[in-house]
Amino acid sequence: MTSLRESVASNSLVQAMATHSPLSAKLAEEAGFNALWASGFELSAHYGLPDASLITMTQHIEMLRAIASATSLPVVADIDTGFGNAVNVVHAIHEYERAGAAAVVIEDKTFPKMTSLVADGRQDLVRIEEFEGKIEAACATRQSEDFLVIARTEALIAGLSRDAALERGEAYAEAGADMILIHSKQTSPHEIEAFIEAWGGCVPLVLVPTAYPDMTVERIKATGKVAMTIWGNHTVRAIVTALREAYRQILSDGGIHQFDKQVASVAEIFHLQGMDKVKEIEKQFLR
Ligand code: SPV
Ligand code: MG
């Protein structure tokens, strides 16, 4: 199997789809995405909670472990701030690598964090030196060279200038980060495209175009400096849209008689659950 590091080096854009469950991860793999994003936003929403460091590392890592064992795609773990300082980062990297993550993304905000996209959110950044220490700690802790450490700067989210964002990105790359995730909540891609244009760093970039959906794959590829795009929260949003419509229709139809014909069959769910394998095991071993 191609490692995420090899995919990143191959010059073809890695598209990581957001997931918060093994079932959605399997569907993303079936659709043809080449990586998965174990999103903090999505798992928080799954628990009905805001993305504000409320779900624990244990909750996130257990879900990541289940996702990684249910699919063959590399899983990029969204570890937010790294759950504290460099001591917490060392512990987190050790645990996430053992759980099956192919990469982690650590962001330069203070713990507890506030989700990046909310209007007027509290977006406090740690000092550059402190975050360099966290990146160095992550790199020193990983066991496999294939395990990627991605540093995410929230400088633009925090309202700092492009130069300040560039300074942070360059410092984190110097500290050993394999890639730099640059985040923006502008609704047009211009802020990000200007950053990419000015980026002279020695490592490729990662984007999460959630707030600026006009940044298509074609437009990302045209920059020549982006190795990965993360479709950050479209799994949970698609589920919300689909469930709202399903629940509305069942109540308004007075039963499932119509809706039953429109949804995935039970046989399809059996397939996604691996029922075929259970049948084989029964045949072979049940006496
Ligand atoms: C997430 O999916 O948890 C992210 C991406 O960090 S975003 O919510 O767009 O900041
Ligand atoms: Mg997140």
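How far is an oxygen atom of ligand 1 from an N or O atom in the side chain of His183? The separation is 2.8 Å. This is a predicted model.

## Ligand 1 and its polar contacts

For Ser39, a side-chain N or O atom is 2.7 Å from an oxygen atom of ligand 1. For Thr210, a polar side-chain atom lies 3.2 Å from a ligand oxygen atom. Taken alone, ligand 1 exposes 280 Å². The protein buries 100% of that area.

## The surrounding shell

Ligand 1 sits in the largest cavity. There are 13 residues around the ligand. Those that come nearest are Ser39, Phe41, Asp78, Arg152 and His183.

Six of its residues are polar, four are nonpolar and three are charged.

## Cysteines

How many disulfides does the structure hold? The count is zero. Cys139 is in no disulfide, and the nearest cysteine sulfur, that of Cys202, is 12 Å away. A disulfide is a covalent bond between the sulfur atoms of two cysteines. The cut-off for such a pair is 2.5 Å.

Is each cysteine buried or exposed? Cys139 has a relative accessible area of 17%, so this residue is buried. Cys202 counts as exposed because its relative accessibility is 67%.

Key:
Residues numbered from 1 in each chain as written. Chains lettered and ligands numbered in written order. Predicted model: local features only at pLDDT ≥ 70, side-chain atom pairs only at ≥ 80, totals over all residues. Heavy atoms only, no water. Near = heavy atom within 4 Å. Polar contact = N/O pair within 3.5 Å; in protein donor to acceptor, adjacent residues only side chain to side chain. Areas by Shrake-Rupley, 256 points an atom, 1.4 Å probe, with all protein chains shown as cover. 1 Å grid on protein atoms, 1.4 Å probe; cavity = no way out; pocket = protein on both sides within 12 Å on 5 of 7 lines; lining within 4 Å. Sits in = over half its atoms within 2 Å of the grid points. Nonpolar A, V, L, I, M, F, W, Y, C, P; charged D, E, K, R; others polar. Buried < 20%, exposed > 50% of the residue type's maximum accessible area, 1.4 Å probe, protein only.
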